[in-house]
Amino acid sequence: MATTPITTSVFDLFKVGPGPSSSHTIGPMKAAFDFRQRIASLPADSQTQSDSIHVLLYGSLSATGKGHGTDRAVVAGLLGWQPETTDPTALLSLLRDPSVSYPISVGTQPIKIGPQHIHFERKRYDSPYANTMVLQLRAGEQVLQQEEYYSVGGGFIIRKGEPEVPADKLSVPYPYSTMGELKAQLDKHNISLDELMLTNESALTGRSRAEINQRIDQILDFMHKAVRRGLRHKGTLPGSIKLTRKAPILFQQAKGMSHSSDSFLIFLNAYCLAASEENAAGGIVVTAPTSGASGVIPGLTFLAKHHFHYDKATLRSGMLAAAAIGFLVKHNASISGAEMGCMGEIGTASAMGAAFLTRCAQTNGPIGAIEAAAEIAIEHHLGMTCDPIGGYVQIPCIERNAMGAVKAYNAFLLATSGAASFQKISLDAVVKVMKATGRDMSTKYKETSEAGLALSATEC
């Protein structure tokens, strides 16, 4: 297990941006934007010499980047677009016509970039991470500036040579790196999980309690807008699969079955599919913890708000518990499908969802129940492969969001049945197993579309 303290902001975990993939869309957009900023500060003579920008994509970014829109995301970042403010319709229009190129300002010099400048490299690249991209500013064949970036899941990026955690974010009032350490901090200081999370968040971001609460409300609003759009939008999703949206159909079925015991599950499935279908269509979603898993938490929180009628304070408390679980998995394993398979995405989202439900139901309850719920959810996603058909975040991804939410709900029920103290497996132990399983899993099953369900593409 890692020993350095967790210094991730809640709002780095829950990020707003366009789908369909946080590691393939939001991460590359942020990396390209960072590169744009760096070449803007180069000496004038280097800028004047430059005549092209080339982008080299490796690993899963190369294998499934086309279906995930990585090329469009890179161009958007170089144009100065940011994930939260990007117009998804404008993003989808980029590179639609392969003959069109886009002017990028390098100093006073405009440089055009088009499909010919983005290279999906199939050869192996010596890199510490599965998703690697190299951006180069060139003068002819001469490389004037080069930066290497790693997209490590959930829209998080690391630039080669730069520490993953900035030096000014290394100190929090209540440091922890494992669930064991988190529980020890709660016991030592006799504080609630909310108090710990809010105090650490304030230290990391400088936000006041009121500002943090307001931003959590905004994040929930973005999630629920995605659900509502998905319940309303009909038709087929982009891409060669021509997958028909199911959420509106399920939603209408659920409304017509109000007296049936099944309606509750159908409503939940509809909400999760709605947000996930919006993600697949390139709409604005919230990473929770990734875009590929951005249907689980939105579906559960929408259910909690509109069916359980939890108030804003309760929903915020649940979101903080979900964030704590997401932090622990990201810190000690990975939330990237290219690193862990789908257990890193849907498995983590399900665990976060189970923690959310448990915290909402027991706002002053023991941390042990939250731990048990998260552990159960992850335990029953171990070994799940990431094998999207055609490289699109559609099959099996969309339905997996609904299945992950249902597992989260059942994990919550099991953990709050009065038997949480009887759990034999700790969250720390199952995360350790998760990391080992991801390490041992064949690369073919980690977001490459080279194995598993992806091979059934000819049947779709």
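Helix H6 (residues 70–78) is followed by glycine 80, whose phi is positive, near 100°; helices (H or I, at least four residues) and strands (E, at least two) are taken as DSSP runs numbered from the N terminus. The model is a predicted one, in which local features need pLDDT of at least 70 and side-chain atom pairs count only at pLDDT 80 or more, whereas totals for chains, interfaces and linings use all residues. Residues are numbered from 1 along each chain as its sequence is written, and side-chain values use heavy atoms, with hydrogens and water left out. Because nine of the nine residues of H6 are buried, this helix is largely enclosed by the rest of the structure, where buried denotes under 20% relative accessible area, exposed over 50%, and partly exposed the range in between (1.4 Å probe, protein chains only). The buried residues of H6 include the charged-type side chains Asp71 and Arg72, along with Val74, Val75 and Leu78.

Serine 350 counts as buried because its relative accessibility is 0%. When neighbours within four places in sequence are left aside, serine 350 is in contact (heavy atoms within 4.5 Å) with Val296, Ala377, His381, Gly404, Lys407 and Ala408.

Among the strands, S3 (residues 102–106) presents a covered face formed by Tyr102, Ile104 and Val106, and an uncovered one formed by Pro103 and Ser105. S3 pairs with strand S4 (residues 109–113) in the antiparallel sense over five bridges, pairing being assigned if DSSP finds at least two bridges between two strands. Within this arrangement tyrosine 102 stands opposite isoleucine 113 of S4. The two strands form a hairpin with two residues between them, and glycine 107 in the turn adopts a positive phi of about 65°.

For the chain as a whole, 19 helices and nine strands are found. The radius of gyration is 22 Å, which agrees with the value near 23 Å that a compact globule of 460 residues would have, the quantity being taken over C-alpha atoms and the globule rule being 2.2 Å times the number of residues to the power 0.38. Along the principal axes, the C-alpha atoms fill a box of roughly 70 × 50 × 40 Å. Buried residues make up 57% of the 460 residues, and of the contacts with a separation of 6 or more, 76% are between residues 24 or more positions apart.
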